[in-house]
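User: I would like to go through the labels attached to this model and see what each of them rests on. Please set the values against the definitions.

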Amino acid sequence: MKENKKTTNGVWSFLKYLSLVFFSFVAVLPIVSCVITALKTKEEYEQTNVMTMPANIFNFSNFGEAFRTANMGRAFGNSFVILVFVLLISTLMGTQLAYILNRFKFKGNSIIRGLFLFATLLPGIAMQVSVFEIMTNLHLINKLYGYIIMMCGTDIISIYVYIQYFENIPTSLDESGIMDGANYFRIYRSILLPLLKPAIVTSCILKGVGTYNEYYAANLYLQDKKTLATVATSLYTFVGPLGSQYNLICAGVIISLVPALIIFILFQKQIYSGLAAGAVKG
């Protein structure tokens, strides 16, 4: 009986680790293929398959050419400005809105929460005609601040993360602040906002990744690709009617991954703790 149990456990362990190895391989394969392609010359890419190693694995000329041709220096600058303002404004809007919905009971509170939930069911692409018309009437198209304003719409998921986290903060802290003479904004700024750091990290990761990788909206509303290009739209430089230069595209993709990789390495402790502590709790 014990031998059968050991055999069963051994089979399950083998399948578990086999599945982990397989899915890890599936996840890493596109990145490996991208790196190999980025190291190839144009002739090598046209004459070999994507997994054939380049003749010179130290050929980094594609990276320099991609960075210069796509004007990625300006693209990184634009993306950085967009990220800073979007994350700052979205965090302030989302935390204050969650603070009001959680701490203050008023008529329409549940209706507002229900409307937020209903908004998550609407596909973003279905509302682009209305959004584009609003942006046109307000003369915000092809302006960096206009794109920032549009992207500052607080994510519904982030609001619920903040609300759920507020529910785990005792109201006795608010009452202590009121007894000490603090107003509601002072309580929010000095007492509750510092306690929301894990939830803020979680929301910033979700919002930041989405904003950094956003292509559709950036391509639609930032039409001047010479001065208003973002990292995502700058890679479109190598796509044209006569063919796509995938070796340069892959080099650009690798370059665009470097800032995110550096941030993850430097702040991985805070990111992991934020994801764990900022998760929705029951």
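This is a predicted model: local features need pLDDT of at least 70, side-chain atom pairs count only at pLDDT 80 or more; totals for chains, interfaces and linings use all residues.

User: Why are H9 and H10 called oblique to each other?

Analyst: The axes of helix H9 (residues 172–179) and helix H10 (residues 184–195) come within 10 Å and cross at roughly 140°. Angles over 145 degrees count as roughly antiparallel and those from 65 to 115 as roughly perpendicular, while the rest, once angles under 35 are set aside as roughly parallel, are oblique; H9 and H10 are therefore oblique. As for handedness, the crossing of H9 past H10 is right-handed.

User: Which residues make the contact between H9 and H10, and what is its make-up by class?

Analyst: From H9 come Leu173, Asp174, Gly177 and Ile178, and from H10 come Tyr184, Ile187, Ile191, Leu192 and Leu195. By class, the contact of H9 with H10 has 7 nonpolar, 1 polar and 1 charged residues, with Gly counted as polar and Asp as charged.

User: What makes a set of residues a nonpolar core, and which residues have the most contacts inside the largest one?

Analyst: The members must be buried nonpolar residues joined through side-chain atoms within 4.5 Å, where buried means under 20% relative accessible area. The largest such core has 19 residues, and Phe63, Met72, Phe76 and Phe238 have the most contacts inside it. Helices H1, H3, H4 and H14 are the elements that give two or more residues to this core, and H14 gives the most, with 6 residues. A second, separate core of 18 residues includes Phe116, Tyr165, Ile187 and Ala199.

Definitions and conventions:
Residues are numbered from 1 along each chain as its sequence is written. Side-chain values use heavy atoms; hydrogens and water are left out. Axes are lines fitted to C-alpha atoms, for helices over the stretch in contact, and angles run from 0 to 180 degrees between N-to-C directions. Helices (H or I, at least four residues) and strands (E, at least two) are DSSP runs, numbered from the N terminus. A crossing is left-handed if the near helix is turned anticlockwise from the far one by less than a right angle, and right-handed if clockwise. Contact means heavy atoms within 4.5 Å. Buried means under 20% relative accessible area, exposed over 50%, partly exposed in between (1.4 Å probe, protein chains only).
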